[in-house]
Amino acid sequence: MTFNQTCLFGQIDDLQDLALIERPIRRSLTTAEEIEKLTVDEGLNDIERAVYLLSSGQDVQRASVVVNLPNLVRQNPAETFRRVVPKVREVLHVAGVEMQLAAAASFLTILQDELILIQTHTHSILQIILLNLYHRDAVVSTAWLETLLSAIDVLPKETIRQEILNPLVPKAQLSQSLQSRLASCRVLGKVAGKFESHIVKKDVLPLVRSLCQDVEYEVRSCMCRQLECIAKGIGAEHTKAVILPELVELARDEGSSVRLAAFDTIVNLLEMFDNDDRTCIVFPLVKTFCEKCFKADEAVLASLTFQYGKVCHGLSGSFTEDQHVWFLEFYKKLCVLGLQHENGHSETYSLELEKKYESVRKNCAYNFPAMVLFAEPKNFLSELYPTFSSLCHDPEIAVRRTTANGFHEVIKLLGSSVHLIQKELIALLQDDSLEVLDALMDNLPEILELVTSKGEGAGSESKQVNVPDLIPALNAAEQKAATSLKWRIHEKLLQKYSCLPRVISSDQIYFRFLQRMFTIITTNNVLPVQRQSARTLCVFLRYNRKQEQRQEVINKLVDQLGQGRSYWNRLRFLDICEIVIELFSKSYFCKYFLVPALELVNDPVANVRFKLCNMLPKLKSVIKLPTDKHLLQQLEFCVRKLLCREKDKDVMAIVRKTVLELDKMDITEPYQKRHEKDQLDQKKEKEENLLVEMEQLEKQQTEGKSSSEKLGERKRKEVKKSKLSRSRSLSCNPSPPKLSAAEKSLKSTSSTSPVTSKSSLQHISDDLLRSHHFSVASTSTAPSASVPVLIRSNTVGNGNKDTRKINIRSKRTNP
């Protein structure tokens, strides 16, 4: 027998052994005895049933009573506290973790209910909480502590003082357990905000000082975290006299967690210290703390960097120039910590140390906008640009993601200098990690608008961001999201791209993005992505400024989707119809989309007809009578056809339901709502008409420009011809005649370079177009005061955003 055969037979023997020890499976989960134990007399009321179950019921029944305790209190508080709550107190002595946690939650609910906050009842509840506060299980003890802390918010002062603060004094002594002293620290911090300052100084501060000097570093750290609440309870004067000395001592503690707690508390209390305290005490303390952490305490350094921006701003008013420079240079070191050694060579670190350094740089990225303010935006290029570039290209994804999250804040601060970080924006858009791209997408519309408008408050001298360089990066970002399995990021990105009409021209959208949206609709397999792409495409169509391009897109939608071979594409066409109804005017939809949509009544696939039947009320709502009476007749004909010929039972059911809705449409909708819809539709229609007028004006400007160029060329030829004839006729005379003023002007015009002439004409064309935006406002008909045109001018050569509000008044024609 070979080795393989031996292994095989060995496995078979093992299976046979398992078969011998197999036990029959119980067909019933509960036996008759168990059912009898769980059965309760139906004649008992709620209170009696609760008492019975707590006394002799199963654990699951007792737990149900504890969970239902707030409802019993609301129904009958007197009997519940007299009979049920004492039983709960007895059960909790031997209860497990789950019941303890349920009891903590139930008693918190009861305490927060103002209807039952009677002194006797509160006393009994607090006795149960304090009795279980020091439970041997840490999870249970923490749950009861959180219940007590939350209860302090709703309890009266006198109750807190008698029931909580007075019993707390012995529990905070050094002879008590560590758990007891830690709980005392939390409670002291909570009650400090409930009393006047003189009570806090008398009853709380002695215990606070004692716990700050505790032998266990956990207690010192916990008490240090509560000093902020206590300082706010006693005021700035006593904070300087009592709390600040304790913080200085704790900041030099041997325990790193204690020093970090002291540092965080100092930062949070900076506003309570005066200028002298900040300069003489706080600044040297913080500087020493930073230097010590940088050299020997990487664990604390990560927490330090999270508060660094707050530290710099809190102390900036007290800094000298040298101190300001020191904090800025220290921040720069933190931003590259772990990337390279001081001598410039790469350094190998342990995995744990690399994680700590990553946290440090991540927190630096989080604080970068604050540091831009600290260094002042005007000094960004010289002081912080290399650091920002390093954070954008950091090898760790978490650092780059955090930088991307705050990118829009940096752009706001830079204002007219946004061109300085264009390369970093493109790098983040093309990042290998989708997490970074996802973080950037959250504020992408705001980022692109600030970038293409040269920032907030930009002047004419501002340098322009090169928009054509951004477009390939945006395309690459979409392609990366499309090829990944994270379709939600892709959907989110497509939704954010609907802002593009506000930041780039419609020609750029048409040639670089619009076809891609159509491809996603027809080829992507994820329905939410398809629908979002359809919505974004409709937004692009809505603000496209060329009738030829708009018509081409509409024809493509009707031919390849509405009349496509795949029923999936025809369903997407109906989705697009719903979006068009939302974005466009009623007349626009009726003109281009209504008839192709109604033609789907003959679709061979029942799902398409079913979706069309659901949409019939929306389709009827866009028909305006009496203008579109023929369209209403077509819709009614479609309904009759469905009623007569439909064979699918689901479609037939939805048809009958839709017919009833169609009959009620004009009756059920209130007049005010219908009037608001009509006003909104008129606004949309006027915007669409304005697009046509602006396109016609641009054509006129282009034709005028070409005719002026032809006229200039003809004049130059005539001048050249006259000069030639003059030179021939006067070849014997060496002194030419003097030119007239008009001829001098014409000669100077013809001698200018063609580049200069072209640019000046372009400038004139742009100015005329801009002035037309406002001249149209005085000649158009519109009842509304202003209509926002959220589109970008095609004639703006430098890529500036041309978003304006056009005031439209009634046209006046000359007789």
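1. A helix here is a DSSP run of H or I with at least four residues, numbered from the N terminus, and its expected span is 1.5 Å times one less than its number of residues. Helix α20 (residues 321-335) has 15 residues and reaches 22 Å from first C-alpha to last, close to the 21 Å expected.

2. Some housekeeping: this is a predicted model, where local features need pLDDT of at least 70 and side-chain atom pairs count only at pLDDT 80 or more, while totals for chains, interfaces and linings use all residues. Residues are numbered from 1 along each chain as its sequence is written, and side-chain values use heavy atoms, leaving out hydrogens and water.

3. Back to α20: its buried residues (under 20% relative accessible area, 1.4 Å probe, protein chains only) include F327, Y331, K332 and C335. T387, which sits in helix α24 (residues 385-392), touches Y331, K332, C335 and F368, not counting residues up to four places away in sequence; touching means heavy atoms within 4.5 Å. T387 is itself buried, at 9% relative accessible area.

4. Do have a look at α12 (residues 197-212) and α15 (residues 236-251), which pack at about 15 degrees with axes 11 Å apart. The pair is therefore roughly parallel, a label for angles under 35 degrees. Where do α12 and α15 meet? K201, L205, R209 and C212 of α12 meet H238, V242, I243, E246 and L250 of α15.

5. Lastly, F107 is among the residues touching the most other members of the largest nonpolar core, which has 218 residues. Such a core joins buried Ala, Val, Leu, Ile, Met, Phe, Trp, Tyr and Cys residues through side-chain atoms within 4.5 Å. Beyond its neighbours within four places in sequence, F107 contacts L69, V88, L92, I125, I128 and W144.

How values were computed:
Buried means under 20% relative accessible area, exposed over 50%, partly exposed in between (1.4 Å probe, protein chains only). Helices (H or I, at least four residues) and strands (E, at least two) are DSSP runs, numbered from the N terminus. Axes are lines fitted to C-alpha atoms, for helices over the stretch in contact, and angles run from 0 to 180 degrees between N-to-C directions. Angles under 35 degrees count as roughly parallel, over 145 as roughly antiparallel, 65 to 115 as roughly perpendicular and the rest as oblique.
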